[in-house]
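Here is a short briefing to read alongside the sequence and the model. Take a look at the fold, and then let us walk through it topic by topic.

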Amino acid sequence: MKNLEKIVFNSETPDEKRRKTIIENIIVKFEFVESKILSKSVLNREIPIIYIGNKEKSILLTGAYHGMEWLTSLVLLKFIYDLCEKIQDDIYYKNLIKKRGLAIVPCVNPDGVEISLKGENASGEYKSLVEKIGEVQSWQANARGVDINHNFNAGWEDLHRREIEMGITGPNRTRYGGEYPESEPETQAIVNLCRKMNFGYAFAFHSQGEEIYWEYSDKTPSQSLEIAQKMAHLSGYTVSFPKGLAVGGGFKDWFINELGKPGFTIEIGKGKNPLPLSDFNQIYSKIEKMLYYILELDIS
Ligand SMILES: [Zn+2]
């Protein structure tokens, strides 16, 4: 192990540069961690993935599908870091990751995060579109105005119809699902990964609301509700049922519907998006037990 500085997670917002610094720190410090570039965004920003432990029996954790929900990427990076310290120091975790693994994509939508944190100057060739739409701090979509969590192929047509009813007919800062399902490279990156990896479970982190979503269609596995209830018990979060425009088109919906495995959305924190960095420690400590519970889930 190399002696690098210990990362202070609540000291800086997790923009592209900061996330890269943290991931580099982790891979230098912990030799058992593998990091790759999973894919690239509309604006060619890297979408890294981090692997720990047994790849044959693994669980997927993903964050920052939505630009202004950048705090979710920081939560996942801290979890990786803390888990790696435990693996290094504690024989229990060292053995556990021989039996199972994690694949973590801290930031699915790097362009959206950069636009939310830095404004229209981070939107490259889409600058005039982003400027025209405005209110960039609350940007949720990718750089060309497609909401990644409305772009998955699960009830997409129905969701698309409801978007139009609400007056969302083209690129927007939120809730526009694109011209067709899986039209966006960020969506394709996650879908292709899942088709390749045979994950036992998948989790998508969003903000905010302190809620856990677990259900989509009659394909929802029978154990999903019990897992959601256990996670709620450990975190104080609420088990929820989505309504209106939150139904369909999302990653967890696709994961359940297409693969028939348990998929969950966890809405971290409470307040108004973007949640401030000053909420980070409190949010992390509230969900920490739930994160370690996820690591212990049965994978047959
Ligand atoms: Zn979200």
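Helix 8 (residues 224-235) and helix 10 (residues 280-295) pack at an angle of about 145 degrees, and their axes lie 7 Å apart. This is a predicted model, in which local features need pLDDT of at least 70 and side-chain atom pairs count only at pLDDT 80 or more, while totals for chains, interfaces and linings use all residues. Residues are numbered from 1 along each chain as its sequence is written, and side-chain values use heavy atoms, with hydrogens and water left out.

**The helix pair**

- Axes here are lines fitted to C-alpha atoms, for helices over the stretch in contact, and angles run from 0 to 180 degrees between N-to-C directions.
- Helices (H or I, at least four residues) and strands (E, at least two) are DSSP runs, numbered from the N terminus.
- The crossing of helix 8 with helix 10 is right-handed; a crossing is left-handed if the near helix is turned anticlockwise from the far one by less than a right angle, and right-handed if clockwise.
- On the helix 8 side, I227, K230, M231, L234 and S235 take part, and they meet K286, I287, K289, M290, Y293 and I294 of helix 10; contact means heavy atoms within 4.5 Å.
- By class, the residues of this contact are seven nonpolar, one polar and three charged (Ala, Val, Leu, Ile, Met, Phe, Trp, Tyr, Cys and Pro count as nonpolar, Asp, Glu, Lys and Arg as charged, and the others, Gly among them, as polar).

- Eight strands make up an open sheet with mixed pairing, in the order 1-2-4-3-5-8-6-7; two strands pair if DSSP finds at least two bridges between them.
- Strand 1 (34-40) and strand 7 (238-240) are the edge strands, each pairing on one side only.
- From one strand to the next, the twist averages 20 degrees.
- Strand 6 (residues 211-213) pairs with strand 8 (residues 263-268) in the antiparallel sense over three bridges, and Y213 has T265 in strand 8 as its bridge partner.

**The zinc site**

- H66 (ND1), E69 (OE), E69 (OE) and H206 (ND1) coordinate the zinc ion at 2.0 to 2.5 Å. Donors are N, O and S atoms within 2.8 Å of the metal (3.2 Å for Na, K and Ca); water is not among the atoms, so sites may look incomplete.
- The donors of the zinc ion are spaced H-x2-E-x136-H along the chain.
- H66 sits in the loop between strand 3 (58-63) and helix 2 (71-89) and H206 in strand 5 (residues 201-207), so the pair ties together parts that are 140 residues apart in sequence.

**Backbone details in the loops**

- Most residues other than glycine have a negative phi, and most peptide bonds are trans.
- The peptide bond from S207 to Q208 is cis, with omega near 5 degrees, and Q208 belongs to the loop between strand 5 and strand 6.
- The bond from N273 to P274 is also cis, with omega near -5 degrees; P274 is in the loop between strand 8 and helix 10.
- N44, although not a glycine, has a positive phi of about 70 degrees, and it is found in the loop between strand 1 and strand 2 (46-53).
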